Amino acid sequence: MALHFDTINLFDFVVKEGNGVKGLIESGLSKVPDVYIQPVDQRINKTNNIIDAQIVQLPLIDISELDGPQHDQVEKALVKAAETVGFFHVVNHGLPIQLLEELKDAAHMFFNQPAEKKLVYQKGVSPSPLVVYGGTTVGHKWRDNLMIIYNSDDDAYKYWPDQCKEVVLKYMKTSTELARRILEVLVKHLGVELDDSMEETYMGLRLVSLNYYPTSPDPELTVGIGKHSDIGTLTILVQDDIGGLSIKVQEDGEFGKEGEWIEVPPIPGALLINIGDALQILSNGKYRSVEHRVRNTNTQSRVSVPCFFNPGSMAKIAPLPKVVEKDGKAKYKECLFQDYGSHAFAQGYQGKKNLDFVKITSP
Ligand SMILES: O=C(O)CCC(=O)C(=O)O
Ligand SMILES: [Fe+2]
């Protein structure tokens, strides 16, 4: 028989007892509990979105060609994607396909454990504050999550969950090489050579998030994750073949009309990469972070594993002087990345509004 929940024991069951949203659905729940019902402007349905009609092909970039005769075209394609749609697929990326499969399996293995095993990593009791299961109550996402921040290999071996430590560490390292390569190209195009001294600014804080989106009794009322832009420089995403991610078009063009949402179907073996707010700021608005969100389905649960490349928390983020010189003025003021992150966290899911925190409005 399905369990009956009121708001208080719902919180206990999902968060305190570690069952997650996955546990809710497995209890036989057939109706979305009130706290998970999204306000109308956050819902993803056919009346206020175009998710069915618009299945658009994002740029697909063969990154191995950076080392081949197509080098210039690939650089151009990367720059164009970062300047326009802000999201692109890459293939021949150097991450073994088997690693991607193992990563998704590891995510399933972690979330398939009984609640008491996952509870070990709950905020406050986790053996490391850098490994946290459960996520937050912000936005009431229909999603369970394990967040893992990289500190050192030693810490990874000591504190990360056994089901995923090896594979997540390998993923983080190989995707770091890929992110560095892409950032080198993008930053070079701004007239700046990316060297080791800038590592802290571009990827001082790396974190992997294991996301599990259970089936929803009514996907039109819930969201896997609400509309937001990522706050760092780049995000690399591994996902299974279920789909559900959509992005907002920023200007009229080949991907649709400004303000339309387009669904991004997964491409097997490809990685999905997007620009975050910090790179928009550093590039003085030339590269664009993108509003995106994830819908649930009522038939299939989904896993995704983003690796976020963020500036270190004490890094100062501001438009690169070379770019400001060329543009004539800075569009954003300098801030500590830590302050930017806190502001974004407090805002919740408000699309790209986070950038207003640093935007310089002309007099
Ligand atoms: O699951 C996805 O496809 C995207 C997740 C995401 O946008 C995020 O974790 O920031
Ligand atoms: Fe995101």
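**Figure 1. Spacing and setting of the iron donors in the predicted model.** Along the chain, the donors of the iron ion (ligand 2) follow the spacing H-x1-D-x61-H. In this predicted model, the protein donors are the NE2 atom of His228, an OD atom of Asp230 and the NE2 atom of His292, and they lie 2.1 to 2.2 Å from the iron ion (ligand 2). His228 and Asp230 are both buried. The unreviewed UniProt entry places the feature "domain: Fe2OG dioxygenase" at residues 201-311; over residues 201-311 the chain is 39% strand and 8% helix, with its end C-alpha atoms 5 Å apart. As to confidence, the protein averages a pLDDT of 92, with 94% of the residues scoring at least 70, and the model scores pTM 0.95 and ipTM 0.99.

**Figure 2. The largest pocket and the elements that line it.** The largest pocket has a volume of about 1,400 Å³, and 45 residues line this pocket, of which Met147, Leu207, Ile231, Phe345 and Tyr349 are the closest to its centre. Two or more residues of the lining come from each of several strands, namely S4 (144-149), S5 (205-213), S6 (225-228), S7 (234-239), S10 (271-275), S11 (292-294) and S12 (302-310), and from helix H11 (337-347). Helix H11 gives the most to the lining of the largest pocket, with six residues. Sorted by class, the lining of the largest pocket has 22 nonpolar residues, 18 polar residues and five charged residues.

Figure 3. The structure holds one cavity of 30 Å³ or more, and about 40 Å³ of space lies in the largest cavity. The residues that line the largest cavity are Tyr213, Pro214, Ile242, Gly243, Arg295, Asn296, Thr297, Gln300 and Arg302, and they divide into three nonpolar, four polar and two charged. Pro214, one of the residues lining the largest cavity, is found in the loop between strands S5 and S6. With a relative accessibility of 1%, Pro214 counts as buried, because residues under 20% are placed in that class. The C-alpha atoms of Pro214 and Asp144 are separated by 7.9 Å, although these residues are 70 residues apart along the chain.

Figure 4. Ile225 has its place in strand S6 and is buried, with a relative accessible area of 10%. Between Ile225 and Asn296 the C-alpha to C-alpha distance is 8.9 Å, while in sequence they are 71 residues apart; Asn296 is also among the residues that line the largest cavity. Cys307 is found in strand S12, where its relative accessibility of 0% makes it count as buried. Cys307 and Tyr171 are 136 residues apart in sequence, and their C-alpha atoms are 8.3 Å apart in space.

**Figure 5. Two asparagines with positive phi, in loops.** Most residues other than glycine have a negative phi. Asn92, although not a glycine, has a positive phi of about 50°, and it lies in the loop between strand S2 (87-91) and helix H4 (97-111). Asn284, likewise not a glycine, has a positive phi of about 55°, and its place is in the loop between helix H9 (277-282) and strand S11.

**Figure 6. Lys173 in helix H7.** Lys173 has its place in helix H7, which covers residues 165-188. Lys173 and Tyr202 are 29 residues apart along the chain, and a distance of 15 Å separates their C-alpha atoms.

Terms used
Residues numbered from 1 in each chain as written. Chains lettered and ligands numbered in written order. Predicted model: local features only at pLDDT ≥ 70, side-chain atom pairs only at ≥ 80, totals over all residues. Heavy atoms only, no water. Donors = N, O, S within 2.8 Å, 3.2 Å for Na, K, Ca; no water. Buried < 20%, exposed > 50% of the residue type's maximum accessible area, 1.4 Å probe, protein only. UniProt positions renumbered as here; feature names shortened; annotations may be inferred. Helix = DSSP H or I, 4+ residues; strand = E, 2+ residues; numbered from the N terminus. 1 Å grid on protein atoms, 1.4 Å probe; cavity = no way out; pocket = protein on both sides within 12 Å on 5 of 7 lines; lining within 4 Å. Points joined across faces, edges and corners; volume = space filled by probe spheres on them. Nonpolar A, V, L, I, M, F, W, Y, C, P; charged D, E, K, R; others polar. pLDDT = per-residue confidence, 0-100.
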